[in-house]
Amino acid sequence: MIKLLLSLTSAAVAASGEPLSKGIQDNSFLVEEAYNQEPGVVQHILNVPVFFSHGEKEITPSFTQEWPVFGQTHQFSYTAPHTFTEDEHGFADVRLNYRLQGLMEGDRTPAFAPRFSFVLPTGDADKDFGHDRLGYEINLPFSKIVGDRWTLHFNAGGSLFPDVRDRDLWNYNLGASAIYAVSKNFNLMLESVANWEENVGSAAVAAPAKEALARHDRTVTALVSPGARYAFNLPNAQLVVGFAVPIGLTSGSPDYGLFFYLSFEHPFVGVPSNESK
């Protein structure tokens, strides 16, 4: 049976000329990949996470567009999120992102695409949808195909929000994922992320300055998220849909959630896209 599976895998590689894991490459949910957009191709992404904590629900849909800048080396993107809680709703902080394709993936080399972002203070701080300060964020994503069907991703990064109620807030993040290509157009996914976030509660604002500085807190959220995605390859375009079930691992995390994903990428300068990522 094992020999049969190996022979079928080898036949699939020979027939396609490339690993099955290259059929869908830049469509993860929680962990950032290190693949910039190809020249002339734009990607539109809709993420809809729904989290449940202590009987309450929070929905935070976001829309992202990724644009190559004169080639694959440089990429500009923006992310516009909106938050719905049980009692409130409104825009959260918008991110403007620049990403450099520092390393292209090779036989022994991972893809590496560091990202720098401005976090615009568009969210309402009184509703805890933002910090009311311009923030700065960096993320270091690595990606590597490690077999015909397997791809690994790793993230490490952090952000800074200066002078939020007399305190600089430093946040950190880690993430990793393993993607298994059941076929060229269908992947199983296992993602895991952790975030360490500093906050200054509204109750500390009314306190004396010295006490307010002492009453900030750090929240640790960690999620493991099994999921799946499927690609529809259209003429000169690709549509990817996905679904995942994030599960909280720490007391500061949501209990569980649902994650819906939709991506559409296509040429924007009349250049036919013969390869899907």
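Q: Is asparagine 36 buried or exposed?
A: Asparagine 36 has a relative accessible area of 0% in this predicted model. The cut-off for buried is under 20%, so asparagine 36 counts as buried.

Q: Where is the place of asparagine 36?
A: Asparagine 36 sits in a loop, the one that runs between α1 (2–16) and β1.

Q: Which backbone oxygen lies 3.0 Å from a polar atom of its side chain, the side chain of asparagine 36?
A: That of glutamine 72. The backbone oxygen of threonine 73 is also in the list, with 3.3 Å to a polar atom of the asparagine 36 side chain.

Q: Stepping back, what does the secondary structure of the protein chain come to?
A: The chain has two helices and 16 strands.

Q: And how many of the 277 residues count as buried, in %?
A: For the 277 residues of the chain, the buried share is 43%. The accessible surface is about 14300 Å², and carbon and sulfur atoms account for 63% of that surface.

Q: Take contacts between residues at least 6 apart in sequence: what % join residues at least 24 apart?
A: The figure is 57% for the protein chain.

Q: New topic. What is the phi of histidine 54?
A: Histidine 54 has a phi of about 50°, which is positive although the residue is not a glycine.

Q: Where does histidine 54 lie, then?
A: Histidine 54 is in the loop that joins β1 (41–53) to β2 (56–59). Its relative accessibility is 70%, so histidine 54 counts as exposed, the cut-off being over 50%.

Q: Is phenylalanine 70 buried or exposed?
A: Phenylalanine 70 is exposed, because its relative accessible area is 88%.

Q: On to rings. How many aromatic pairs does a search of the whole structure find?
A: The search gives twelve aromatic pairs. One of them is phenylalanine 118 with tyrosine 136: the ring centres are 6.0 Å apart and the planes make 65°, so this pair is edge-to-face.

Q: Which strand is each of phenylalanine 118 and tyrosine 136 in?
A: Phenylalanine 118 belongs to strand β8 (residues 115–120) and tyrosine 136 to strand β9 (residues 135–145).

Q: How exposed is phenylalanine 118?
A: Phenylalanine 118 is partly exposed, at 36% relative accessible area. Tyrosine 136 is partly exposed as well, at 31%.

Q: What about tyrosine 230 and phenylalanine 232: edge-to-face or stacked?
A: Tyrosine 230 and phenylalanine 232 form an edge-to-face pair, with 4.9 Å from centre to centre and 65° between the planes. Tyrosine 230 is partly exposed at 35% relative accessibility, and phenylalanine 232 is partly exposed at 39%.

Q: Which residues do ring pairs link into a cluster?
A: Phe29, Phe259 and Tyr261 are linked in this way.

Q: Where does asparagine 139 lie?
A: Asparagine 139 is in strand β9. Its relative accessible area is 3%, so asparagine 139 is buried.

Q: Which side chain joins that of asparagine 139 in a polar contact of 2.8 Å?
A: The side chain of glutamate 32. There is also a polar contact of 3.5 Å between the side chains of asparagine 139 and asparagine 155.

Q: Not counting residues up to four places away in sequence, what else touches asparagine 139?
A: Asparagine 139 touches several residues, including Ala113, Pro114, Arg115, Gly157 and Asn173.

Q: How many cavities of 30 Å³ or more are there in the whole structure?
A: The search finds one. The volume of the largest cavity is about 40 Å³.

Q: Which residues line the largest cavity?
A: The lining is made of Ser21, Ile24, Gln25, Arg149, Thr151, Ile179, Ala181, Asn187 and Arg229.

Q: Last one: where is the place of lysine 57?
A: Lysine 57 is part of strand β2, and is partly exposed with a relative accessible area of 38%.

Q: What is lysine 57 in contact with, leaving aside neighbours within four places in sequence?
A: Lysine 57 contacts Val50, Phe51, Phe52, Phe84, Thr85 and Glu86.

Technical notes. Residues numbered from 1 in each chain as written. Predicted model: local features only at pLDDT ≥ 70, side-chain atom pairs only at ≥ 80, totals over all residues. Heavy atoms only, no water. Helix = DSSP H or I, 4+ residues; strand = E, 2+ residues; numbered from the N terminus. Buried < 20%, exposed > 50% of the residue type's maximum accessible area, 1.4 Å probe, protein only. Contact = heavy atoms within 4.5 Å. Areas by Shrake-Rupley, 256 points an atom, 1.4 Å probe, with all protein chains shown as cover. Phe/Tyr/Trp six-rings, centres within 6.5 Å; stacked < 30°, edge-to-face > 60°. Polar contact = N/O pair within 3.5 Å; in protein donor to acceptor, adjacent residues only side chain to side chain. 1 Å grid on protein atoms, 1.4 Å probe; cavity = no way out; pocket = protein on both sides within 12 Å on 5 of 7 lines; lining within 4 Å. Points joined across faces, edges and corners; volume = space filled by probe spheres on them.
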